[in-house]
Amino acid sequence: MSIICATHFTPSSLDAVEVATGLADRTRQKLHLVAVMPAGSGPTVDHDANAALTREAAAARERGVNVETSVLHGKLEHQLSTLCRQIAPRLLVIGDTSRPMAPLFATPIDRISGDVSVPILVVKSRLPFTPWT
């Protein structure tokens, strides 16, 4: 079994990566760190995303976690849904990307949850998880 963690390298995503790493370590599951870039993003964006994923994966490996990284392209919800079907993870971990000032629009979390058929853990802060992980 495995855990997928989607990141876009923001503070919220970094908290999600930390929580996902702790959960993977604690439950001895493989961790898939994924960044989804917009379709048509150039090689510089891919290079930067791969470099950031490599750094995050190295920190997880220091804790003994088995980690794979992927940079995907396209719509976030579609790419995560496809990856979840391929890998069949036990959990998808994402950072809180909601915007309370825009309640009339679907947030990325809303769009992801509509397309993904695995449990989703939305991490607003790593602090509640720190004692457990």
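**Sheet and nonpolar cores of the predicted model**

Strands E4 and E5 pair in the parallel sense, and four bridges join them. The structure described here is a predicted model.

The pairing of E4 with E5 belongs to an open sheet of five strands, arranged in the order E3-E2-E1-E4-E5 with parallel pairing. E3 and E5, the latter spanning residues 120–123, stand at the edges; each has a single partner strand, so one side of each is left without a neighbour in the sheet. From one strand to the next, the twist averages 20°. Helix H2 packs on the sheet, where H2 touches E2 and E3. The direction of H2 makes about 160° with that of E3.

The largest nonpolar core contains 22 residues, and the members that touch the most others are Ile3, Cys5, Leu31, Leu33, Val67 and Val93. Two or more residues each are given to this core by strands E1 (2–6), E2 (30–37), E3 (67–73) and E4 (91–95), and by helices H1 (11–27) and H2 (43–62). H1 supplies the largest share of this core, six residues. Apart from this core lies another, of twelve residues, including Leu80, Leu83, Val116 and Val118. In soluble globular proteins, nonpolar side chains tend to be buried together.

The surroundings of Ile3 can be listed individually. Leaving aside residues up to four places away in sequence, Ile3 touches Ala20, Leu23, Ala24, Thr27, Gln29, Lys30, Leu31, His32, Pro89, Leu91 and Val93. Among these contacts, Leu31 and Val93 are also named with Ile3 as core residues that touch the most other members.

How values were computed
Residues are numbered from 1 along each chain as its sequence is written. This is a predicted model: local features need pLDDT of at least 70, side-chain atom pairs count only at pLDDT 80 or more; totals for chains, interfaces and linings use all residues. Side-chain values use heavy atoms; hydrogens and water are left out. A nonpolar core is a set of buried Ala, Val, Leu, Ile, Met, Phe, Trp, Tyr and Cys residues joined through side-chain atoms within 4.5 Å. Buried means under 20% relative accessible area, exposed over 50%, partly exposed in between (1.4 Å probe, protein chains only). Contact means heavy atoms within 4.5 Å. Two strands pair if DSSP finds at least two bridges between them. Axes are lines fitted to C-alpha atoms, for helices over the stretch in contact, and angles run from 0 to 180 degrees between N-to-C directions.
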